[in-house]
Amino acid sequence: MSPTRMNKLGPYVKALRTLKDDNRLRGLNSRAGIDFSSNDYLALANAPRMKNAVSAAIERGTPLGSGGSRLLRGNCEEHECLEAEAARFFGTETALFFASGYGANFAVLTTLPQRGDLLVVDSLVHASIHEGARAGRAEFRIAGHNDPEAMESAIRDWRRHGGMGRIWVVAESLYSMDGDFAPLHELVVLADRYDAFLVVDEAHATGVYGAQGRGLTSPYDGRENLLVVHTCGKALGVAGALVTASGVLRDFMINHCRPFIFATAPSPLIAVAVREALFILQHEPEHQRRLASLVAFTHRQMEARGVRCHSTSQILPYIVGDNAPTMRLASAMQDRGFDIRGIRPPTVPEGTARLRISLTLNVDEDDVASMVDALAEETMERAR
């Protein structure tokens, strides 16, 4: 590398070298092996019914791209049909479709909370929520994970120091790296007590939990102070996100949300596929039942083999601790034919590097039993 180029790129080279020395350098690897790493929980990403819906849309002339912002010519019938169906399905007044879950979280938190408001955010929410909180107008506080009392303490402290605006409580319903559930009832009570809005990211629960896969917030459908982000790139098998909220909040976002106003609208074919996924949830409940059965089977297998996992969901964190042994174990599992990835800081806290094992309908009980056996054997081998 020439001296001039080294001067320009030196800081980036140094940063990458630091990551490599700490076993945190990431790269892009092709998918290979049995799927224990995707979020395609219901195996809809490759489902024939989904493909047929998109093929039929192409046949009737639906374009690949929207051609512009939703406020210009990019607003397609397919977007509006999806949003109407989503509002009906999720039992809410309206829905608004975004191109990604990351974009939806960022858009909501940089648009709706205003200057003088307070965001109280669970410490383990997705990076998109943390980024949205930092980039938004409102003050924000980080509360301990799954600790409504810590959230309430932050609210009281803010009020004591003169805070007068609206309060926004933000959580995920199912956390993507620990596989644990939010205390939603307590958060609803907290939001009501302080006349606050509750924002819930249902990314890993939509399609998997709740009546017909409507998510863990489904018992609270229709509440005016509840805003929910339903990601479409996980159990729904496609991409994008649906923000369900009151009509007033939807109209406000359409008029003030810069990530919505100034972005090309999602492909109408994606909207078609997501709508088909919602129909599948309603008419083929066996997918949800089969996954629940597979999750229960896996936890029994892990317990029988002494494999440590404190989750009860389809997300199984196998915590190793340090980065290097975590990546060696992940590599060993991949060599045995199982697509399991290592997760390191900053995605998870220091000292909690782990294998994130994900259960989907892309595998069956035989695959699970083989994977648990291999994990137990590899763990025992490394303990010698």
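A crossing of two helices is called left-handed if the near helix is turned anticlockwise from the far one by less than a right angle, and right-handed if clockwise. This is a predicted model, in which local features need pLDDT of at least 70 and side-chain atom pairs count only at pLDDT 80 or more, while totals for chains, interfaces and linings use all residues. Residues are numbered from 1 along each chain as its sequence is written, and side-chain values use heavy atoms, with hydrogens and water left out.

1. Let's begin with helix H3 (residues 77–90) and helix H10 (residues 268–283), whose crossing is left-handed. Their axes come within 8 Å and cross at roughly 25°, which makes H3 roughly parallel to H10 (angles under 35 degrees count as roughly parallel, over 145 as roughly antiparallel, 65 to 115 as roughly perpendicular and the rest as oblique). Helices here are DSSP runs of H or I with at least four residues, and strands are runs of E with at least two, numbered from the N terminus. Axes are lines fitted to C-alpha atoms, for helices over the stretch in contact, and angles run from 0 to 180 degrees between N-to-C directions.

2. Which residues join H3 to H10? Among them are Leu-82, Phe-89 and Phe-90 of H3, and Val-272, Leu-278 and Phe-279 of H10; contact means heavy atoms within 4.5 Å. By class, this contact has 12 nonpolar, 2 polar and 4 charged residues (Ala, Val, Leu, Ile, Met, Phe, Trp, Tyr, Cys and Pro count as nonpolar, Asp, Glu, Lys and Arg as charged, and the others, Gly among them, as polar).

3. H10 also meets helix H2 (residues 48–59), with axes that come within 9 Å and cross at roughly 140°. The two helices are therefore oblique to each other, and H2 passes H10 in a right-handed crossing. The residues of this contact divide into 11 nonpolar, 1 polar and 2 charged.

4. Now for the inside: the whole structure holds 2 cavities of 30 Å³ or more. A cavity is a set of points on a 1 Å grid over the protein atoms alone where a 1.4 Å probe fits but cannot get out, and lining residues have an atom within 4 Å of a point. Grid points are joined across faces, edges and corners, and a volume is the space filled by probe spheres set on the points.

5. The largest cavity has a volume of about 80 Å³. Of its 13 lining residues, Thr-92, Asp-221, Leu-226, Val-228 and Thr-244 lie nearest its centre.

Definitions and conventions: 1 Å grid on protein atoms, 1.4 Å probe; cavity = no way out; pocket = protein on both sides within 12 Å on 5 of 7 lines; lining within 4 Å.
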